[in-house]
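User: I would like to learn how to read a few features of a protein model. Could we take them one at a time?

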Amino acid sequence: MIKLFEKNNRKDQHSIPVSRKKRRWLTFTLVAVIVIGSILYSLADRYLIRHVQVVVADDNTVATPATANAGSEGTASTTSTTTSATGAHATSDDWSYSSDDLKIQIQKVQTGSGSDQITYYVADVQAKDASSLRSALADNSFGTNITEDTSEIAEANNAIFAINGDYYGFRDDGVIIRNGVLYRDSPTRDALALFNDGTIKTYNENDISSAELLAEGVTNTLSFGPILVQNGEITSDFSRVKIDNNFGNRSIQDANPRTAIGMIAPNHYVFVVVDGRQDDSRGMTLAELAQTMKDLGATEAYNLDGGGSSTMYFMGRVVNNPLGRNQERGVSDILYLTEAQ
């Protein structure tokens, strides 16, 4: 009997630490699940979950362009004539558009060969009125993680021509003015301002307030960068460029797909979209892009969101080859052209 009691007592003593180990393990597991879950939710909240801050009134009263049939690359295969809702009489083909108030000429350029080949697209634009150049937001909403393809936003706004913008929704800073409305006022970096007299100016967001910009007639600001050309000169060697610290960012110094906007003269703009990360186009470095913009005659030029975002849209079709497989990546905003109202 005594032996049996001693045996049972030894079992009870052994069971106590085992039970404690289980409780500790369960506690550790629960804490780990909570921590990992919190991290995953924070990442999803920051980069995936839509946060609509402002719904923009849908005011698509601009002209609807005629859609040209896609022809062979670099060839004006189809010519059409259309009268827009604003009464503008225009002619167009796959690579050009011309009316009394707006002229767009697109050219495909290839340089180099083999692994050093670069394919890019240049749009030379002349407008009589600065109101032809506008911006539009994905889903007509301002906020974070709200995206649509460049072509979708363009079509929703009856754009004749469009490029991706600065992807403002990927960050929560910068000065964001769109179509004369101030949406965000957190000065951070070098930026670009478009004005109602047709001029474009590059500037540092910390040097001039949003109130001053609006008083001067700003219509849109773009917050990405860097500045490529300022007062007719390339700004730097771009070796230490830093845009932001968001999770998942690539280095932007290397050759990549690119999007840039420049001004040759008031109401005379140049847009460049560079394909990259593909066999027939390695992309451009920032230094190469700056030199290209200067060679095109830009006195002011600015780098916009690139990589998979880089997209040029014209008359119902995507002109370039996004992501190297003709597949667009959703963006939060575009710049586009239409007939002035």
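User: How many aromatic pairs does the structure hold?

Analyst: A pair of aromatic rings is described by the distance of the centres and the angle of the planes. This is a predicted model, and it holds five aromatic pairs. One of them joins Phe142 and Tyr183, with 4.8 Å between the ring centres and 15 degrees between the planes, so it counts as stacked.

User: Where do Phe142 and Tyr183 lie?

Analyst: Phe142 is in strand 8 (residues 141–144) and Tyr183 is in strand 11 (residues 181–186), so the pair ties together parts that are 41 residues apart in sequence. Phe142 and Tyr183 are buried. Together with Tyr168, Phe142 and Tyr183 form one aromatic cluster.

User: What is the arrangement of the pair formed by Phe161 and Phe271?

Analyst: The pair of Phe161 and Phe271 is tilted, at 5.3 Å centre to centre and 50 degrees between the planes. Phe161 belongs to strand 9 and Phe271 to strand 18 (residues 268–274), so this pair ties together parts that are 110 residues apart in sequence. Both Phe161 and Phe271 are buried.

User: Which way do the side chains of strand 9 point?

Analyst: In a regular strand the side chains alternate between the two faces of the sheet. In strand 9 (residues 161–164), Phe161 and Ile163 point one way, while Ala162 and Asn164 point the other way. All four residues are buried.

User: What is the order of the strands in the open sheet?

Analyst: The open sheet has three strands in the order 13-12-14, with antiparallel pairing. Strand 13 (200–204) and strand 14 (218–222) stand at the edges with a single partner strand each, so one side of each is left without a neighbour in the sheet. From one strand to the next, the twist averages 30 degrees. Four bridges link strand 12 (residues 190–195) to strand 14, and Phe195 stands opposite Val218.

User: Which charged ends sit over the rings of Phe195 and Trp95?

Analyst: The charged end of Lys201 sits over the ring of Phe195, 5.0 Å from the ring centre. Over the ring of Trp95 sits the charged end of Arg317, 4.8 Å from the centre of that ring.

Terms used: Residues numbered from 1 in each chain as written. Predicted model: local features only at pLDDT ≥ 70, side-chain atom pairs only at ≥ 80, totals over all residues. Heavy atoms only, no water. Buried < 20%, exposed > 50% of the residue type's maximum accessible area, 1.4 Å probe, protein only. Helix = DSSP H or I, 4+ residues; strand = E, 2+ residues; numbered from the N terminus. Pairing = 2+ DSSP bridges. Axes fitted to C-alpha atoms, helices over the stretch in contact; angles between N-to-C directions. Phe/Tyr/Trp six-rings, centres within 6.5 Å; stacked < 30°, edge-to-face > 60°. Lys NZ or Arg CZ within 6 Å of the ring centre and 35° of its normal.
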